[in-house]
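Subject: Structure handover

Hello,

Here is the structure we talked about handing over. My notes on what was found in it follow below.

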Amino acid sequence: MRRRDIRCLLGCLAAIGAFATAGCGGASGSDNATSTTAADPTTDKLAQVLARGTLVGYHEADYPPQSMDVPGAKRLANTECAETQLTANQVEGFDADTTKLVAKGLGVEACFATPSWTEITAGNWGDRLDIAYGSGSINADRMERLYMTQPYYAVPNYYFVARSSAARHAHDLDGKRIGSCASCSHEMYLNGVLEIPGVDITLNVKNPKVVTFETEQPGLKATAKGSLDAFLAAQPVGKAQIDVGVPLRQLPEVAFTYYPSGFVDKSSGLSSAAFVARVNEIVQGLQADGTLNAKSNKWFGHDYVKAAAAYDIASVAQEVK
C-alpha cells in the first residue's frame, strides 16, 4: 500500500471518529452535526480534509503582521500540498499561524492558496481552498455566500490620516475622500450598509467619498502622501505602517470593532456542518488555553483575542448544511 493510500485510509478512519464526536455535542456549534455514521470524503468537507491530509487556507503575500511571505523559504520536500500551493514554512503572520494551528488541531498539514481577497469574499471557490483566515470580519453580506466560524480575534478600526493633516477627530472627515480595502467591512461601513450580528454599528462620518484599494498598504501610503484625506483600517494594520516609518497618525475615535472569522464556502457542494463545528471547537480551545492570545501578543504586541473569545458564534444564526 502506497504512502498516499495509507494516509487516505487513516484519514477516513479519523473522519469517522471526528464526525461521530461532532454528533455527540459538547463543542459550540456541534449541534449542526448530528449523524454518527461514517462520513464520505466525496460528500463531507471534514471527511475530505482528513482523508486528503491537508487543510488548504488563504495567504496574502504582503499583509503584515497578519500574512507575509517568508523571504527565501524553500518549499518543503516531503509535503502533501499541491504544486500550486505554498507550504507552511513559506508563510508567516497571525492569520497564517491561525491556519497552521487549526490544521494541527485537525491532525493534517497546512497548505496555502493565493487567490485575491475579492475572490475569497465572493465565494464559489471550487476546490481551491477549505477555509480562509484573512482577517475578514463576520458580516451579514458575507453570510449570504460563506459560513462563519468562531472569530479568532476582535479588532478596533480607526481612521488614519497624514501626519501633517489638520484633521484631529472623525467629524473633521465629513464629506472627505476616505479610503478602504475593496470588498471589506470598512467599505460597507463607510457606505452605511455594514451589519455585524450582535454588534451595534453607527457611522461616525457624514457623506464620505469612498475610494477603494485591493489591499490596505497602497491606500495608507496614498493617504500619507496626501492623495486621500484618510484611510479606514484595522488598528494593527495602520500601526504596522506607522512602525515602519510611513508618516501617518491615528485619529482617537474607534469607527467600529469587527470580529474576523474563518470563512468556509457555502457552494463547495459538500456538507460543511461537521467541519465548521470542529473548527469552532479547535479555535475555542486555542482561545481558552491562551495559545491564540500568545500569537496575538507576538504579532501585534497586544491581546486582541480575549474579546473574540466572548463572542457568541450562535448569534449569527446561520444554518450550516
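First, the basis. This is a predicted model, in which local features need pLDDT of at least 70 and side-chain atom pairs count only at pLDDT 80 or more, while totals for chains, interfaces and linings use all residues. Residues are numbered from 1 along each chain as its sequence is written, and side-chain values use heavy atoms, with hydrogens and water left out.

Overall picture

The protein has ten helices and 13 strands; these are DSSP runs numbered from the N terminus, helices being H or I of at least four residues and strands E of at least two. Of its 321 residues, 53% are buried, meaning under 20% relative accessible area, against over 50% for exposed and in between for partly exposed (1.4 Å probe, protein chains only). Among contacts (heavy atoms within 4.5 Å) with a separation of 6 or more, 76% are between residues 24 or more positions apart.

The core

The largest nonpolar core holds 92 residues. Such a core is a set of buried Ala, Val, Leu, Ile, Met, Phe, Trp, Tyr and Cys residues joined through side-chain atoms within 4.5 Å. L55, L106, Y159, L173 and F275 have the most contacts inside this core. Helix α8 (residues 273–288) supplies the largest share of the core, eight residues. Leaving aside residues up to four places away in sequence, F275 touches K45, L46, V49, L55, L106, D130, I131 and V264.

Two strands count as paired if DSSP finds at least two bridges between them; β9 (residues 177–181) and β11 run parallel and are joined by two bridges. I178 has A230 in β11 as its bridge partner.

In α7 (residues 235–243), the buried residues are Q235, P236, V237, G238, A240 and Q241. Their cover includes β2 (62–63), α6 (216–224) and α9 (291–300). After α7 comes G245, with a positive phi near 100°.

As for α6, seven of its nine residues are buried, so this helix is largely enclosed by the rest of the structure. Those residues are E216, Q217, G219, L220, A222, T223 and A224. G226 follows α6, and its phi is positive, near 90°.

The three-stranded sheet

Another open sheet, again with mixed pairing, has the order β1-β6-β4. Its edges are β1 (54–58) and β4 (86–87), each with a single partner strand, so one side of each lacks a neighbour in the sheet. Strands β4 and β6 (residues 109–113) pair in the antiparallel sense over two bridges, and L86 stands opposite F112 in β6. Helix α3 (residues 94–106) packs on this sheet, touching β1 and β6, and its direction makes about 140° with that of β6.

Regards

Key: Axes are lines fitted to C-alpha atoms, for helices over the stretch in contact, and angles run from 0 to 180 degrees between N-to-C directions.
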